[in-house]
Amino acid sequence: MTTDDLLIIATGALVAVSCALLGSFLLLRGMTMIGDAISHAVLPGIAIAYLVSGSRASGIMLAGAALFGLLTTAGIEWLRERARLQADASIGIVFTGLFALGIVLISAYAGQIDLDLDCVLFGEIAYVPLDLWILPDGRVMGPVPVWLLGGLLLAIAALIVIAYKPLLLTSFDPMHAAAAGISAVVWHYILMGFVSAATVLSFESVGAILVLSFLTGPPAAAFLLTRRLRPMLLLASGAGVLAAGLGYGLAVWLDGSIAGAMAVVIGAEFALALAWHLYRRRTASAPPAEEPA
């Protein structure tokens with residue numbers, strides 16, 4: 001296995017753990033699909049950032065995407081609180097509206113916006129070793145995505161360690177959290193801000209679809225295996241890392257899409273967790289065997 005192989009797997013693992021940790025809280029709040037909404041709704045932000053700046057620099061593109069990611073979460077929450085729409089309806093309206101706006105902008109200014117939609121949606125994690133951070137003195141520090149995603153994971157881990165209790169209470173029982181003086185709204189926006197940052201930073205490397213797979217699959221599989229939050233976070237993270245490694249091996253073996261192979265492994269992990277969950281339920285509800293007379 002070469003250094004490039006390890007860098008690709010490491011990138012997938014960093015995205016997997018970041019998304020698994022955040023996705024676990026989204027699952028408990030019934031808002032798992034918000035990651036899908038953000039990953040698609042940032043498209044107009046990318047287009048507008050390019051039209052305004054005239055630059056394809058990653059920092060400018062990410063700033064535009066991050067802004068629309070925050071607008072997406074704010075819009076969804078506004079519709080839930082003010083219009084009294086259900087979470088899935090709010091997500092669907094904001095997601096489709098902003099994604100359609102991005103498509104209109106790109107189609108209207110196709111000659112000015114050099115943007116590959118397939119790359120945004122499906123990503124190309126194989127290019128990670130080529131995106132190097134080179135210092136002015138010529139030293140190569142390694143791929144930029146690894147540094148960005150590593151910093152993101154550290155920030156998410158710090159958030160969970162420092163604010164574990166508020167996140168736990170607001171996810172399981174918002175009314176009890178309010179009675180304890182913990183604002184569910186404030187922690188909702190903090191969590192959504194981290195989800196937006198994780199989605200924006202991750203989809204440039206792995207694509208929107210794989211980000212959504214990591215946000216939903218490992219947490220859902222872990223939820224079938226345990227109802228305790230700490231084990232759920234560990235199981236989801238481990239499942240994500242395993243999917244990154246096995247998915248890359250599958251892609252090399254098939255000579256196919258790396259992101260697609262990782263998503264397939266995530267689906268297989270969920271299927272195994274579901275089978276074990278159903279087996280446990282059946283054995284738990286089965287009557288005890290009678291002893292022979």
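Predicted model: local features only at pLDDT ≥ 70, side-chain atom pairs only at ≥ 80, totals over all residues.

Me: Which residues have a charged end or side chain placed over an aromatic ring?

Reply: Here one looks at a charged group and the face of a ring. The charged end of Arg227 sits over the ring of Phe223, at 4.0 Å from the ring centre. Arg230 lies over the face of Tyr164, and the distance to that ring centre is 4.2 Å.

Me: How many helices and strands does the protein chain have?

Reply: The protein chain has 13 helices and two strands. Of its 293 residues, 46% count as buried. As for contacts with a separation of 6 or more, 71% of them involve residues 24 or more positions apart.

Me: Which residues touch the most other members of the largest nonpolar core?

Reply: The largest one holds 73 residues, and Ile34, Ile160, Phe214 and Met262 touch the most other members. Helix H1, spanning residues 3-29, gives the most to this core, with 14 residues. If we set aside neighbours within four places in sequence, Ile160 is in contact with Leu21, Phe25, Leu167 and Leu233.

Me: Is Ile8 buried or exposed?

Reply: Ile8 is placed in helix H1. Its relative accessible area is 5%, and since the limit for a buried residue is under 20%, Ile8 is buried. Beyond the residues up to four places away in sequence, Ile8 touches Ile125, Ala126, Pro129, Tyr248 and Ile258. The C-alpha atoms of Ile8 and Gly245 are separated by 9.2 Å, although the two residues are 237 apart along the chain.

Me: How is Ala220 read, and what does Ala220 touch?

Reply: Ala220 is found in helix H11, residues 208-225. Ala220 has 18% relative accessibility and therefore counts as buried, the limit being under 20%. Apart from residues up to four places away in sequence, Ala220 touches Leu27 and Phe270.

Me: Why does Met141 count as partly exposed?

Reply: The class between the two limits, under 20% for buried and over 50% for exposed, is the one to consider here. Met141 has 31% relative accessibility, so this residue counts as partly exposed. Met141 lies in strand S2, which covers residues 140-143. Without counting residues up to four places away in sequence, Met141 touches Trp133, Leu135 and Trp147.

Me: In which helix does Ala63 lie?

Reply: Ala63 lies in helix H4. With a relative accessible area of 47%, Ala63 is partly exposed. The C-alpha atoms of Ala63 and Ala49 are separated by 7.7 Å, and these residues are 14 apart along the chain.

Me: Which residue has a positive phi although it is not a glycine?

Reply: Backbone angles are read residue by residue. Asp255 has a positive phi of about 55 degrees and is not a glycine. Asp255 is found in the loop between helix H12 (229-254) and helix H13 (258-285). The relative accessible area of Asp255 is 72%, so this residue is exposed.

Me: What is the volume of the second largest pocket, and which residues line that pocket?

Reply: Rolling a probe the size of a water molecule over the atoms shows where empty space is left. The second largest pocket has a volume of about 210 Å³. Its lining consists of Arg29, Met31, Glu77, Arg80, Glu81, Thr170, Ser171, Pro174, Ala184, Val185 and His188. Helix H4 (58-81), helix H8 (164-172) and helix H10 (184-206) each supply at least two residues of this lining.

Key:
Residues numbered from 1 in each chain as written. Heavy atoms only, no water. Core = buried A, V, L, I, M, F, W, Y, C linked by side-chain atoms within 4.5 Å. Buried < 20%, exposed > 50% of the residue type's maximum accessible area, 1.4 Å probe, protein only. Helix = DSSP H or I, 4+ residues; strand = E, 2+ residues; numbered from the N terminus. Contact = heavy atoms within 4.5 Å. Lys NZ or Arg CZ within 6 Å of the ring centre and 35° of its normal. 1 Å grid on protein atoms, 1.4 Å probe; cavity = no way out; pocket = protein on both sides within 12 Å on 5 of 7 lines; lining within 4 Å. Points joined across faces, edges and corners; volume = space filled by probe spheres on them.
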